[in-house]
Amino acid sequence: MSEKNYEIYLGNDLGFTYCRDATAFRVWAPMAEAVTLNLYAEGTDGGDAGNSADSALRKNDLPRSVAMVKSDGGTWFLKVDGDLDGVYYTYTVTNAGVARETADPYARAAGLNGMRSMVVDLNRTNPEGYAGDHGPILKHATDAIICEISIRDLTGDPSCGAAYPGTYPGMTERGLTYPKQADPANTPAGVPTGLDYILDLGVTHVQIMPMYDFGSVDEGNPSDENYNWGYDPINYNVPEGSYSTNPADGAVRIKELKEMIASLHRHGIGIIMDVVYNHTYDIENSCFQKCVPDYFYRTNPDGSYSDASACGNEIASERTMVRKYIIDSVLYWMQEYHIDGFRFDLMGVLDMETMQAVSDAASSIRPDVLIYGEGWTGGDSVLPDHMRALKCNTRCMHGIGMFSDDIRDTLKGNVFDSEATGYINGSPETASELLCSIAGDVLWANDPSDTIHYMSCHDNLTLWDKLTLSAGKESEETRLAMNRLGAAIIMTAQGIPFFLCGEDFARSKTLPDGEISENSYNLPLSVNALDYRRLDTCRELHEYYKGLIAFRRDNALLRLPDAAAVSKALHFHPICDHVISYTLTGDAEQLFVVYNPNPYPVSVSLPDAGIWEVYIRDASAGTEILDKIQGSTSVSARSCLAAKIRISSLNS
Ligand code: CA
């Protein structure tokens with residue numbers, strides 16, 4: 001559908017503008033014949049506008065439903081006198097003779113399950129000192145080390161011991177351990193859970209699975225089965241209600257989310273928000289569709305809806321008012337919630353011009369904002385490939401990172417074939433395919449900051465389950481070695497390392513009947529939640545991850561900011577017997593890194609005759625010197641070796 005017949009509105013006051021003595025409403029509905037504003041005391045259907053319990057409205061002597069006035073650029077406008085803080089509202093939009101009630105597309109607060117929007121004085125939702133709240137400042141994007149979490153999964157399991165499991169407040173609880181330490185002086189040390197687990201890892205950022213308001217979980221009915229990842233947006237600018245202790249009051253979730261963000265920031269953790277602008281929960285009941293039929297969705301030439309998201313619809317990001325909506329939304333989360341970065345779900349559905357505009361607008365507010373996403377789609381799109389933010393078009397954009405399916409699949413085998421193997425789990429002959437990723441994927445990326453290196457995320461099998469299904473004949477000890485080697489490659493390669501929380505303790509998504517799930521998006525919490533009993537039994541693997549993270553943070557040579565720096569510092573040695581080795585040379589020191597994927601140890605010659613300090617070897621990693629070596633050394637089966645030498649000793 002062409003958009004040429006639509007008036008556009010580029011003002012910044014869509015939605016509500018609150019003042020204590022009046023609130024103005026503006027909604028874009030350029031084809032509508034009439035728009036009515038409806039005010040309610042309650043956030044759900046129960047509290048009808050005419051209900052006698054309607055005290056907030058009575059107190060202010062507010063009208064129930066008022067016709068809005070046609071205004072500039074296809075918008076409808078109305079100013080209502082009185083203090084409307086806490087008043088719920090909807091619009092009734094009449095298009096082509098059909099009147100439909102809808103939430104506000106620009107809603108910033110909402111009632112239970114998001115069907116009614118709410119006017120809120122956002123100032124009263126700010127925690128103390130919120131104006132000074134700020135996430136960690138990144139010198140380079142490659143300094144980020146990202147762990148993916150879900151608010152519900154991180155603290156939802158009983159083994160976490162949270163007082164507010166699965167909620168925003170649960171994410172702020174300190175001192176949690178498994179087992180619970182009733183008497184710390186007389187019980188063995190437990191493993192850290194919840195926030196303490198994240199802090200213990202030493203990561204710089206968490207990527208949080210959807211926390212905008214999604215439609216698939218009934219917010220009024222918490223239960224193990226009432227679970228969904230939330231890749232089904234209904235209100236893009238409202239926090240999800242099921243993570244709040246009181247989803248019925250639209251202000252509570254906002255305050256609780258801000259408190260969670262401020263808490264993570266106080267502990268030095270940046271927050272990357274998972275955003276799903278590529279599709280909505282559905283078309284029929286979407287606020288976009290009710291306001292401007294078919295404008296927000298791409299259609300095929302035959303009139304059917306294009307479905308590159310594989311979720312029934314795809315957003316027409318290239319249209320002026322859709323692009324504006326996405327940019328406005330991202331900037332709102334940055335400014336109101338202090339979000340530090342964004343992970344775009346199925347970013348390949350969105351057009352490049354929109355993604356570049358998002359990146360430019362976000363970086364103008366904050367130069368170190370992280371913008372990256374999935375450079376692919378879930379199906380074919382009606383919009384041509386050369387216009388969309390696909391991984392193959394990375395070089396046509398700047399400041400936009402992509403998940404590297406190259407390193408993911410080369411390390412452990414094709415993601416869609418559970419038995420397929422890669423470099424770490426039985427196919428060491430793929431060594432040469434890894435070199436590009438180790439160098440920052442600069443064959444398709446502009447710089448290492450454009451590539452997100454990972455082995456596991458919320459989608460598909462966990463790394464441990466993948467190793468179980470692809471290398472189940474090997475002993476558990478061997479599979480742990482494979483896991484360690486993969487993690488070491490991710491944490492030493494040039495790029496931005498990323499892992500699913502729990503990868504460090506062999507997380508598994510296993511159903512009660514023993515079946516392994518490769519897509520747990522709507523399975524119960526008990527399948528998805530982090531089981532800290534497993535961390536208790538996998539402490540060594542967890543310590544290895546911690547050591548790798550600490551080593552990376554300690555060595556700028558592993559975090560080179562751009563392709564020129566990589567070209568200058570990185571030197572690969574010839575691959576021999578599938579063993580990859582390379583040096584990274586800086587001004588003051590040189591690193592030597594070796595990956596041995598073979599089921600037997602290999603001997604390697606050190607690149608310089610001086611004395612090398614070993615920091616990663618066998619099952620150990622960290623910032624402490626493990627050993628000092630000279631001449632040549634042995635690298636154990638399926639393991640990484642990393643050693644360092646001072647340049648001064650090189651010259652002597
Ligand atoms: Ca919701």
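**View 1. Phe 344 and its neighbours in the predicted model.** Setting aside residues up to four places away in sequence, Phe 344 touches Val 275, Tyr 277, Ile 326, Val 330, Leu 350, Met 355, Val 358, Ile 371, Tyr 372, Gly 373 and Glu 374 (contact means heavy atoms within 4.5 Å). Phe 344 is also listed among the residues with the most contacts inside the largest nonpolar core, which has 165 residues; the others listed are Phe 25, Tyr 197, Met 260, Phe 342 and Tyr 595. Such a core is a set of buried Ala, Val, Leu, Ile, Met, Phe, Trp, Tyr and Cys residues joined through side-chain atoms within 4.5 Å. Helix 6 (residues 320-337) gives the most to this core, with eleven residues. A second, separate core holds 16 residues, including Ile 272, Leu 346, Phe 403 and Ile 496.

As a note on the model, it is predicted, with local features needing pLDDT of at least 70 and side-chain atom pairs counting only at pLDDT 80 or more, while totals for chains, interfaces and linings use all residues. Residues are numbered from 1 along each chain as its sequence is written, and side-chain values use heavy atoms, with hydrogens and water left out.

**View 2. Arg 298 in its loop.** Here is Arg 298, found in the loop between helix 5 (287-291) and helix 6 (helices are DSSP runs of H or I, at least four residues, numbered from the N terminus). Why does Arg 298 count as buried? Because its relative accessibility is 1%, and buried means under 20% relative accessible area with a 1.4 Å probe, protein chains only. Its side chain joins that of Glu 314 through a polar contact of 2.6 Å (a pair of N or O atoms within 3.5 Å; within protein, one must be able to donate a hydrogen and the other to accept it, and residues adjacent in sequence count only if both atoms are side-chain atoms). A polar atom of the Arg 298 side chain also lies 2.7 Å from the backbone oxygen of Val 349.

**View 3. Helix 3 and the residue after it.** Six of the eight residues of helix 3 (residues 194-201) are buried: Gly 194, Leu 195, Asp 196, Tyr 197, Ile 198 and Leu 201. Next comes Gly 202, with a positive phi near 90°.

**View 4. Helix 10 under its cover.** Helix 10 (residues 463-470) is mostly covered, and its buried residues are Leu 463, Trp 464, Asp 465, Lys 466, Leu 467 and Ser 470. Their cover includes helix 8, helix 11 (476-492), helix 13 (532-537) and helix 14 (539-554).

Technical notes:
Buried < 20%, exposed > 50% of the residue type's maximum accessible area, 1.4 Å probe, protein only. Helix = DSSP H or I, 4+ residues; strand = E, 2+ residues; numbered from the N terminus.
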